[in-house]
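Let's take a walk through a protein together. Keep the sequence and the 3D view open, and look up each residue as it comes along.

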Amino acid sequence: MSLIDNSAIERIAAPDLTEDALALLETYRANDDVIFFLGRLVWQGDMTACAPALLDVAIDPARGKYARIAAIRGVMSVGDPEVKDHLLTAIADNPVPLDRAILAELLDWVPITAEGVELALRA
């Protein structure tokens, strides 16, 4: 996990860093520690264009728990409805057992609808 706390990220997070964040997401896609930091930067900086770049990390069961949680929060906090639906459906359809912390993060974001409840139960 990162040694940088949320308040430090809040001080630098801003939408004008979107291009830089996208470049870093591409360059360091395989590094879970960097993804953990960038995921937090994305959601706190309201960097909507970065949500699709975090999607693959969020749905990949081979990734670290904290990187996935940060990626899920980034996608769900700033992503458009299509990206959010893709994330929820992909995780619900994956047969790999879901870590409790990741499920807890998802439950914070699942819409309170019949479809949302069905997705949560499948997950």
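R63 is buried, because its relative accessible area is 16% and buried means under 20% (exposed is over 50%, partly exposed is in between, all with a 1.4 Å probe and protein chains only). Before going on, bear in mind that this is a predicted model, where local features need pLDDT of at least 70, side-chain atom pairs count only at pLDDT 80 or more, and totals for chains, interfaces and linings use all residues. Residues are numbered from 1 along each chain as its sequence is written, and side-chain values use heavy atoms, with hydrogens and water left out.

So where does R63 sit? You'll find R63 in the loop between α4 (51-59) and α5 (65-78). Helices here are DSSP runs of H or I with at least four residues, strands are runs of E with at least two, and both are numbered from the N terminus. Leaving out residues up to four places away in sequence, R63 touches R29, A30, N31, D32, I35, V57 and R68; a contact like this means heavy atoms within 4.5 Å. With D32, the side chain of R63 also makes a polar contact of 2.6 Å. A polar contact is a pair of N or O atoms within 3.5 Å; within protein, one must be able to donate a hydrogen and the other to accept it, and residues adjacent in sequence count only if both atoms are side-chain atoms.

Follow that contact over to helix α3, which covers residues 32-44. Its 13 residues reach 18 Å from the first C-alpha to the last, close to the 18 Å expected at 1.5 Å a residue (the expected span is 1.5 Å times one less than the number of residues). At the start of α3, a side-chain oxygen of N31 comes to within 2.9 Å of the backbone nitrogen of D33. Just after α3, D46 has a positive phi of about 55 degrees. Buried residues in α3 include I35, F36, L38 and W43.

Now for some packing. Two packed helices are described by the angle between their axes and the distance between the axes. Helix α2 (residues 18-27) packs with α3 at an angle of about 155 degrees, with their axes 10 Å apart. Axes are lines fitted to C-alpha atoms, for helices over the stretch in contact, and angles run from 0 to 180 degrees between N-to-C directions. That is why α2 and α3 are roughly antiparallel to each other (angles over 145 degrees count as roughly antiparallel, under 35 as roughly parallel, 65 to 115 as roughly perpendicular and the rest as oblique). A21, L24 and L25 of α2 make the contact with I35, L38, L41 and V42 of α3.

Not counting residues up to four places away in sequence, L87 touches L55, A58, I59, I72, V75 and M76. L87 is buried, with a relative accessible area of 0%.

Finally, zoom out. The protein has 8 helices and 0 strands, and buried residues make up 37% of its 123 residues.
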